[in-house]
Amino acid sequence: MSVVDHAIEHRGAGRRGVGALYAGNSRAVMYRGWRATRSTNWLVMLSGLFEPIFYLLSLGIGLGALVGTVAVDGQEVPYAAFIAPALLAVAAMNGAIYDSTWNVFFKIRFARLYEGMLATSLGPLDVALGEILLALLRGALYAVSFLLVMQVLGLTLSWWALLALPAVLLIAFGFASVGMAITSYLKSFQQMDWINFVMLPMFLFSATFYPLSVYPEAIQRIIQALPLWHGVELVRSLTTGAVDWGLLWHVAYFVVMIAVGLTFTTKRLRALFLD
Amino acid sequence: MPQPVISAVDLVKRYGDVAAVDGLSFEVAAGESFGLLGPNGAGKSTTMRMIGAVSTRTGGELSILGLDPDRNGPDIRSQLGVVPQADNLDTELRVRENLLVYGRYFGLPRKVVAERADELLAFAQLEDKGDAKVDALSGGMKRRLTIARGLINDPRILLLDEPTTGLDPQARHILWDRLFRLKEQGKTLVLTTHYMDEAEQLCDRLIVVDHGRIMAEGTPAELIRRYSSREVLELRFGSDRNEEVARALEGSGDRVEVLPDRILVYTADGEAELERIVDAGLHPRTSLVRRSSLEDVFLRLTGRSLIE
């Protein structure tokens, strides 16, 4: 986990005392999350599983009958196979974002959970990493189920699709990391609504349901700056088999998201609970 | 004297221009039960956070178990039990799970934590509540669970920030009994309180804190002896007459203190003093002779009552 090691080196060099960052025990935080999920909210979790499947059935199969095929890198693919990888990236994103925003907000502002954790030998990086990995797992769970549905419906067109699994883990990690970082700076429910305000248009417009080329040049640049577009492109290339070295740019985008998110989350938790 | 487990010299914590803690010096010996007594905003909780190694001092020296919290925060925290002022139990977990999970935060093995959790549930008198939801517990039970949770790592020092604030009298007595047992087992306790009776019950020694400074230090009995008299005569003449009568009472006992609703006469013998006052032709509506308490010490030191 080189990103994490980097964060420790970077932030922890001068601080070994009250604000010491890392005890190497983020699994205790994940253990807590697993027990909490098991006893209280596993039903809520399941609901997120079906959302992308419903989109796939209604748009991919229903609308797909009208649309026919779409060109990806010169290759004509059925419409359902075009949007399925995008919905897969969205599933990873949504799972990660649910856990790292609303759940984290509640824990910081109301349950004072992290205050209790940080009175033990845990450091803020243990808490940040544990919570983010947990959110990642949720994103991964959604993504893997969706990938199975795609396989059953014959929408994975290439053996490269196997790599879609680590790709969605990366995407979920990136979104969870940035989601928790942003949430840790927000103070009210109104501010939390801004997150939804960003998420919905990003979901609709990130070349999810049609190719990027329908936009004028200037709009394309904006879309290409958004994280979901990188996720959609990455996964779509893998499941349709249109693979080239350019994909590494998308990977790099998420690695940066992870590093930035972890750094700010850790910094913020320390400022909030270890003054 | 053996090495103290906590030693503070000129401890300071500033938030901007405000000094929440302004030069506290004290030592706590192993096995001692040490109290910080003072009104709200006196700097007690800030001091507790610095001792708990979750807040960095602005100035002065602080040593916990021989370690400096600025350098060994996690090592210190692993040997402390913390009971914060407001319960921060994990409401998404059941009662016993709260103990299991908290033990894991210290990196303790699963088996050790499971054994201790059962012992501590018994200690907190919550054996039959292990599978209950935290929200279903009463205030007193939650407090006992928080204390049990603070003991899961078998800490050398237990920090209690206003342990019985907000509890009804019966729940307070149960809690005091539990804390007294810990004291008997030789656990070092550090507690803040603004209740005098609590300090008298639980503290071997205490400091009285106001505006971030120490006003006095000693055992409860010493403080009462030094800053008050053996007995206190409380007289009520009616709110409108107190001031006027107070002038006539000047010179009675060791000292006279006029409060909005009553007059306190500090004296070694309350009954005798009352007789003299009545003989002098002053007839209070009600009178009461009681033993001196830490409340009187605080009034003497600061000119204010402790709970406003």
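So, which strand pairs with E7 of chain B in the parallel sense over five bridges? It's strand E3 of chain B, residues 33-37. Before I go on, this is a predicted model, where local features need pLDDT of at least 70, side-chain atom pairs count only at pLDDT 80 or more, and totals for chains, interfaces and linings use all residues. Residues are numbered from 1 along each chain as its sequence is written, chains are lettered from A and ligands numbered from 1 in the order in which they are written, and side-chain values use heavy atoms, with hydrogens and water left out.

Leu36(B) sits opposite its Thr192(B). Strand E6 of chain B, residues 157-161, also runs parallel to E7(B), again with five bridges, and there Leu159(B) faces Val190(B).

How buried is E7(B)? Six of the six residues, 188-193, are buried, so the strand is largely enclosed by the rest of the structure; buried means under 20% relative accessible area, with a 1.4 Å probe and protein chains only. Thr188(B), Val190(B) and Thr192(B) point one way, while Leu189(B), Leu191(B) and Thr193(B) point the other.

Now the other sheet I wanted to show. It's open, with four strands in the order E11-E12-E10-E13 of chain B, paired antiparallel. E11(B), 255-258, and E13(B), 286-291, are at the edges with a single partner strand each, so one side of each has no neighbour in the sheet. E10(B), residues 231-236, pairs with E13(B) over six bridges, and Arg236(B) has Thr286(B) as its bridge partner.

Technical notes: Buried means under 20% relative accessible area, exposed over 50%, partly exposed in between (1.4 Å probe, protein chains only). Helices (H or I, at least four residues) and strands (E, at least two) are DSSP runs, numbered from the N terminus. Two strands pair if DSSP finds at least two bridges between them.
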